[in-house]
Amino acid sequence: VVNERTGTIIMGKQVHISPVAIIQGSLTVEIQTPQQVSQPNALSQGQAVDGVMPDLARCGGLAEGMRIAGLAELAGLPFAPHNVCSPVGTMAMAHVCAAIPNFLILEYHALDLDYWEDMVTFTSGPVIQNGAVVLADAPGLGLELNDEVAKQHLHTRMSRDYFGEAL
């Protein structure tokens, strides 16, 4: 898969790289772990991958994400979590990332969702300001879910209730 906007190439299958000659320009190859890794010593002390990119919503949660980040730090690897979450999930991940010394970047996919910021009321203004997630000084995550907007944008695979309330 090629992202035409960034020039990033994503390969989801096993790839064998042979020696190549570069006529013009330069080539940088970074190998990130997949979001689900099921092999012993997956990080191989930093010799098999260039960074760790777990999906914190699917890898066992925030605490497990911190454990993965710790293992990555021991291997000398940066931690750059996958994130396709709502503002609530994004803020939770940002709090985890703020506590991780080898944090590199938090992936973000909601640029095209015009309702994304409307899903919450955040004590410090917009959740993302100047390209960064701003952590609030308020208790918890520093935001309040806007139930009406969230109900309007429930994922189609979700059940037809909202926190136990029939829709």
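The model is predicted. The chain holds three helices and eight strands. Buried residues make up 27% of its 167 residues.

**Overall layout**

- Read from the N terminus, the elements run β-β-α-α-β-β-β-β-α-β-β.
- Take the contacts in the chain with a separation of 6 or more: residues 24 or more positions apart account for 51% of them.

- In soluble globular proteins, nonpolar side chains tend to be buried together.
- Leaving out residues up to four places away in sequence, Phe79 touches Val52, Pro54, Leu56, Gly65, Ile68, Ala69, Cys97, Ile100, Asn102, Phe103, Leu104 and Ile105.

**Helix α1**

- α1 has 13 residues. From its first C-alpha to its last it reaches 19 Å, close to the 18 Å expected at 1.5 Å a residue.
- Which residues of α1 are buried? They are Gly65, Ile68, Ala69 and Ala72.
- Seen down the axis of α1, these buried residues fall within an arc of 100°, so they line one face of the helix.
- Ala63 and Leu74 sit on the other side of α1, and they are exposed.
- Gly76 follows α1 and has a positive phi, near 75°.

**Helix α2**

- α2 has twelve residues, which should span 16 Å at 1.5 Å a residue. Its end C-alpha atoms are 16 Å apart, which agrees.
- How many of the twelve residues of α2 are buried? Nine are, so the helix is mostly covered.
- The buried residues are Pro87, Gly89, Thr90, Met91, Ala92, Met93, Ala94, Val96 and Cys97.
- These buried residues pack against α1, β3 (120-122), β5 (132-133) and β6 (143-145).

**Asn83, a buried loop residue**

- Asn83 lies in the loop between α1 and α2.
- Is Asn83 buried or exposed? Asn83 is buried, with a relative accessible area of 2%.
- Its side chain reaches the backbone nitrogen of Cys85 at 3.1 Å.
- The side chain of Asn83 also makes a polar contact with the side chain of Thr90, at 3.1 Å.
- Thr90 is itself one of the buried residues of α2.
- Not counting residues up to four places away in sequence, Asn83 touches Thr90, Met93, Leu106, Glu107, Tyr108 and His109.

**The aromatic pair**

- The count of aromatic pairs comes to one.
- Tyr108 and Trp116 form this pair, and the arrangement is edge-to-face.
- Their ring centres are 5.2 Å apart, with 80° between the planes. The pair counts as edge-to-face because the angle is over 60 degrees.
- Tyr108 counts as partly exposed, at 29% relative accessibility.
- Trp116 counts as buried, at 3% relative accessibility.

**Around β4 and β5**

- Asn130 lies in the loop between β4 (128-129) and β5.
- The phi of Asn130 is near 55°, a positive value in a residue other than glycine.
- Asn130 is exposed, with a relative accessible area of 86%.
- Val134 lies in the loop between β5 and β6.
- Val134 is partly exposed, with a relative accessible area of 25%.
- Val134 and Phe122 are twelve residues apart in sequence, and 9.7 Å apart in space from C-alpha to C-alpha.
- Not counting residues up to four places away in sequence, Val134 touches Met91, Phe122, Ser124, Val127 and Gln129.

Terms used: Residues are numbered from 1 along each chain as its sequence is written. This is a predicted model: local features need pLDDT of at least 70, side-chain atom pairs count only at pLDDT 80 or more; totals for chains, interfaces and linings use all residues. Side-chain values use heavy atoms; hydrogens and water are left out. Contact means heavy atoms within 4.5 Å. Helices (H or I, at least four residues) and strands (E, at least two) are DSSP runs, numbered from the N terminus. The expected span of a helix is 1.5 Å times one less than its number of residues. Buried means under 20% relative accessible area, exposed over 50%, partly exposed in between (1.4 Å probe, protein chains only). The arc is that of the directions from the helix axis to the C-beta atoms. A polar contact is a pair of N or O atoms within 3.5 Å; within protein, one must be able to donate a hydrogen and the other to accept it, and residues adjacent in sequence count only if both atoms are side-chain atoms. Rings of Phe, Tyr and Trp (its six-membered ring) pair if their centres lie within 6.5 Å; planes under 30 degrees apart count as stacked, over 60 as edge-to-face and the rest as tilted.
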